[in-house]
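Here is a short briefing on one protein model. Look at the structure first, then read the points below.

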Amino acid sequence: MTTFPKDFLWGASISAHQTEGAYATDGKGLSVQDTRPRDNKDICDFTVASDFYHNYKEDIRLLHELGLKVFRFSIAWTRIFPTGVGLINPEGVTHYHDVIDTCLSYGIQPMITLYHFDLPQSLEDTGGWSNRATVNAFEDYARFLFTEYGSKVKYWLTINEPNIMLLVDKKILGKHIPLKEKYQQFHHIMIAEKLAFKACHELVEGGQIGPVPNISIVYPATSKPLDNQASLYFNSIRNWLYLDFACKGIYNPIALDYLRQKDVVPQMEPGDDAIMKSAYPDFISVNYYSSVTVEYPEADVDMMDGISDQQSEDIMEKGFYKGYTNTFLTKNEFNWTIDPLGLKTTMQHINDRYALPMMITENGLGAYDTLENGEIHDDYRIAYIREHLKACLEAMSSGITLLGYSPWSAIDLVSVHEGMQKRYGFIFVDRTEKDEKQLKRYRKDSFYWYQDIIKTHGETLQKEK
Ligand code: BG6
């Protein structure tokens, strides 16, 4: 029977803007997450979040108690370069040394995401990812991090979920990006990622770097050939466009056909083709929450009537695909489809296409937790993670190399567009949307369960039904 290897990287993940707070403290500049409009005014913003900035020592001590071998967090670009380029903020640089050193003092390996949705506002003001200069700014920032922290940090992730950031732009960035501009941004982001792969290999001895897209297999709603075409296109637009660029240095041909039909093929600069083929990742980091199901949109259908995965109403493109509610699967309280077998299938597709080791860097259940007498009974989260871990084991026994599993999230944080009410953590942070209270930490039932899984290298899992 396949088991988790003794050196398996048991982890948990967070991002800077969703946890740190201290949004303008110690020289930090503003990012697009600090300035973006909130659709729902009743949910909290990122100004205080879980106050990880001030609580990191205590939080990392708890993560050590949990048993983590690896801790995935992101660096806020605006703490290092408050305006994205130029002047460095020494307090920000020292802060991340402290966070890294605290992890290392507990034997936890830091796994750092360079950038997680929080572009410096100053760069946004000069065109953001639509402006080619942002590629250079990102390369300089990445090179700085590799040089500064590379002797301590071996695992690096580039740009969190560029696919979801662009496909679900309104929910993540607070604004719709016109299609042509969106794919120009795509090209710049992916070139920037290539430059980061290259820089990491040059500057970090023994360093390993991977892309970190959100990959979910797309099922066709029926065996109707047109539905199959819909899933083929959406698989390519949502998933393979990003991984083919990163791992093969090419534009995925099916996605390229879509871009041509929509007349939104990005402009390339001379030399871009060489950059695309200049560097490749060491592993693929996969974020997975749900599978997706689509159908072919017949004329005059309501494009909003079938909501499938975490992208909800954004899954639609006339003439190509639209979301479809998969009746074989259940949904969580926030309408996201739950599909553990879909994780195994997704990993098998990735392995077939790229044959690289994988790391799961996000997977988890957003839910309304309740604190009762200092306890949080989140058996629903345990059930979700248990089934997905079993899917990982099945994937491994089918021949896939899985380096580790780092679910979302280590501690409660502010959900991208649903605030604090939607919790993911193993550690509860006591605050509401508007009342920060004392931000006291409590271990959830899932904390003890995951602790046991890690301690037994997953053996408990095999015994559980
Ligand atoms: C991923 C993001 O797409 O999904 C995270 O990388 C995010 O930043 C997670 O928090 C869950 O999404 P949400 O909308 O529930 O916060």
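The crossing of helices H11 and H14 is right-handed. A crossing counts as right-handed if the near helix is turned clockwise from the far one by less than a right angle, and as left-handed if anticlockwise. This is a predicted model: local features need pLDDT of at least 70, side-chain atom pairs count only at pLDDT 80 or more, and totals for chains, interfaces and linings use all residues. Residues are numbered from 1 along each chain as its sequence is written, and side-chain values use heavy atoms, without hydrogens and water.

**Helix pair**
- H11 spans residues 225-248 and H14 spans residues 340-354. Helices (H or I, at least four residues) and strands (E, at least two) are DSSP runs, numbered from the N terminus.
- Their axes come within 11 Å and cross at roughly 35°. Axes are lines fitted to C-alpha atoms, for helices over the stretch in contact, with angles from 0 to 180 degrees between N-to-C directions.
- On the H11 side, the contact (heavy atoms within 4.5 Å) includes Trp240 and Leu243. On the H14 side, His349 and Ile350 are among the residues involved.

**Ligand site**
- Around the ligand there are 15 residues, where near means a heavy atom within 4 Å. Gln18, Glu161, Val416, Lys422 and Tyr424 come nearest.
- A polar side-chain atom of lysine 422 lies 2.7 Å from a ligand oxygen. A polar contact is a pair of N or O atoms within 3.5 Å.
- For histidine 116, a side-chain N or O atom is 2.8 Å from an oxygen of the ligand.
- Glutamate 362 has a polar side-chain atom 2.9 Å from a ligand oxygen.

**Backbone exceptions**
- Most residues other than glycine have a negative phi, and most peptide bonds are trans.
- Alanine 49 has a positive phi of about 50°. Alanine 49 sits in the loop between helix H2 (32-35) and helix H3 (52-66).
- The peptide bond from tryptophan 408 to serine 409 is cis, with omega near 10°.

Definitions and conventions:
A polar contact is a pair of N or O atoms within 3.5 Å; within protein, one must be able to donate a hydrogen and the other to accept it, and residues adjacent in sequence count only if both atoms are side-chain atoms.
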